[in-house]
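Here is a friendly note to read alongside the structure. Keep the 3D view open and look up each residue as it comes up.

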Amino acid sequence: VPLRAEEYAGGAGHAFFANLLPEGGLRQAVCARLGISEGNDWALLRAIEGGGGAAEIAPFLDEDYTLSEAPHLLAPAGATRNRAEALAGADAAHQVVSGQRFDVRRTTCEGNRVVVEAEWSATLLMDLPHWDTGEVIRARVASVFEVRDGRVVSQDSYDCYFTPPHA
């Protein structure tokens with residue numbers, strides 16, 4: 001999906017992400033809690049993006065979910081996590097970063113597979129190798145999602161971090 005100022009109203013990428021959002025009573029409760037219209041998929045996605053801890057993310061992940069991260073600057077050996085570990089990481093992220101944002105550059109859908117290319121950024125709440133507290137950390141991200149029955153079964157992530165000039 002090419003970057004543009006106006007919001008995209010449809011397309012395969014929107015349909016995929018809209019399908020991942022909660023439905024029925026759960027959607028009503030989440031939207032009411034966040035003060036978002038039930039019909040505004042993008043606003044709901046942004047709200048989840050901005051603060052998705054385990055409780056917010058769990059409904060989208062299959063019980064057999066696995067996350068595989070290719071080696072990158074912060075995990076030179078890469079990592080593989082099961083659902084419980086990924087959810088624990090989502091909760092712990094609030095101690096490491098704030099203001100998390102994903103700017104989706106492109107999506108590609110084929111069968112049960114969705115590929116998302118995005119720019120990720122967040123402000124650090126603690127020192128990390130190459131970055132200091134308060135700095136904005138950025139990465140170009142490509143993630144491949146496998147979906148079954150409307151829930152994510154697996155995610156393969158390829159994160160390329162931009163290092164600050166002083167690194």
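1. **A starting residue.** Let us begin with Arg151, which is partly exposed because its relative accessible area is 25%. The partner to look for is Glu63: these two form a salt bridge, and their closest N and O atoms are 4.0 Å apart. The pair joins distant parts of the chain, with Glu63 in strand β1 and Arg151 in strand β6, 88 residues apart. Glu63 has a relative accessible area of 55%, so Glu63 counts as exposed. Please remember as you read that this is a predicted model.

2. **The overall layout.** Now step back to the whole chain. How many helices and strands does the protein have? There are five helices and six strands. Starting at the N terminus, the order of elements is α-α-α-α-β-β-α-β-β-β-β. Of the 167 residues in the protein, 35% count as buried. Take the contacts between residues at least 6 apart in sequence: 51% of them join residues at least 24 apart.

3. As background, side chains of opposite charge can pair when their charged atoms come close. One of these bridges is between Arg148 and Asp64, with 3.7 Å between the closest N and O atoms. Arg148 belongs to strand β5 and Asp64 to strand β1, so this pair ties together parts that are 84 residues apart in sequence. Arg148 is partly exposed, at 37% relative accessibility, while Asp64 is exposed, with a relative accessible area of 53%. Asp62 joins in as well: Asp62, Asp64 and Arg148 are linked in a network of salt bridges.

4. **A bridge with a buried member.** Glu69 and Arg81 also meet through their side chains in a salt bridge, at 2.2 Å from N to O. Since Glu69 is in strand β1 and Arg81 is in strand β2 (residues 79-82), the pair ties together parts that are 12 residues apart in sequence. Is Glu69 buried or exposed? At 15% relative accessibility, Glu69 counts as buried. Arg81 is partly exposed, at 31%.

5. Have a look at Asp159, in strand β6. Asp159 is buried, yet Asp159 has no salt bridge.

6. In soluble globular proteins, nonpolar side chains tend to be buried together. Here, the largest nonpolar core has 12 residues, among them Ala54, Leu61, Tyr65, Val114 and Phe145. At least two residues of this core come from each of β1 (61-69), α5 (83-92) and β4. Ala54 touches Leu87, Ala90 and Asp91, if residues up to four places away in sequence are not counted. There is also a second, separate core of nine residues, including Ala122, Trp131, Ile137 and Val141.

7. **The aromatic rings.** There are two aromatic pairs in the structure. Trp120 and Tyr161 form an edge-to-face pair, with 6.2 Å from centre to centre and 85° between the planes. The two residues come from distant parts of the chain: Trp120 from strand β4 (residues 113-124) and Tyr161 from strand β6 (residues 151-162), 41 residues apart. Trp120 counts as buried because its relative accessibility is 11%. Together, Trp120, Trp131 and Tyr161 form one aromatic cluster.

8. **The loop between β4 and β5.** Finally, visit Leu128, which sits in the loop between β4 and β5 (136-148). Leu128 counts as partly exposed, at 22% relative accessibility. Which residues does Leu128 contact, leaving aside its neighbours within four places in sequence? They are Leu74, Val96 and Ile137. Leu128 and Val96 are 32 residues apart in sequence, and their C-alpha atoms are 9.0 Å apart in space. His130 is in the loop between β4 and β5 too. Its phi is near 85°, a positive value in a residue other than glycine. His130 is partly exposed, with a relative accessible area of 36%.

Terms used. Residues are numbered from 1 along each chain as its sequence is written. This is a predicted model: local features need pLDDT of at least 70, side-chain atom pairs count only at pLDDT 80 or more; totals for chains, interfaces and linings use all residues. Side-chain values use heavy atoms; hydrogens and water are left out. Rings of Phe, Tyr and Trp (its six-membered ring) pair if their centres lie within 6.5 Å; planes under 30 degrees apart count as stacked, over 60 as edge-to-face and the rest as tilted. Helices (H or I, at least four residues) and strands (E, at least two) are DSSP runs, numbered from the N terminus. Buried means under 20% relative accessible area, exposed over 50%, partly exposed in between (1.4 Å probe, protein chains only). A nonpolar core is a set of buried Ala, Val, Leu, Ile, Met, Phe, Trp, Tyr and Cys residues joined through side-chain atoms within 4.5 Å. Contact means heavy atoms within 4.5 Å. Lys and Arg count as positive and Asp and Glu as negative; His and the chain ends are not counted.
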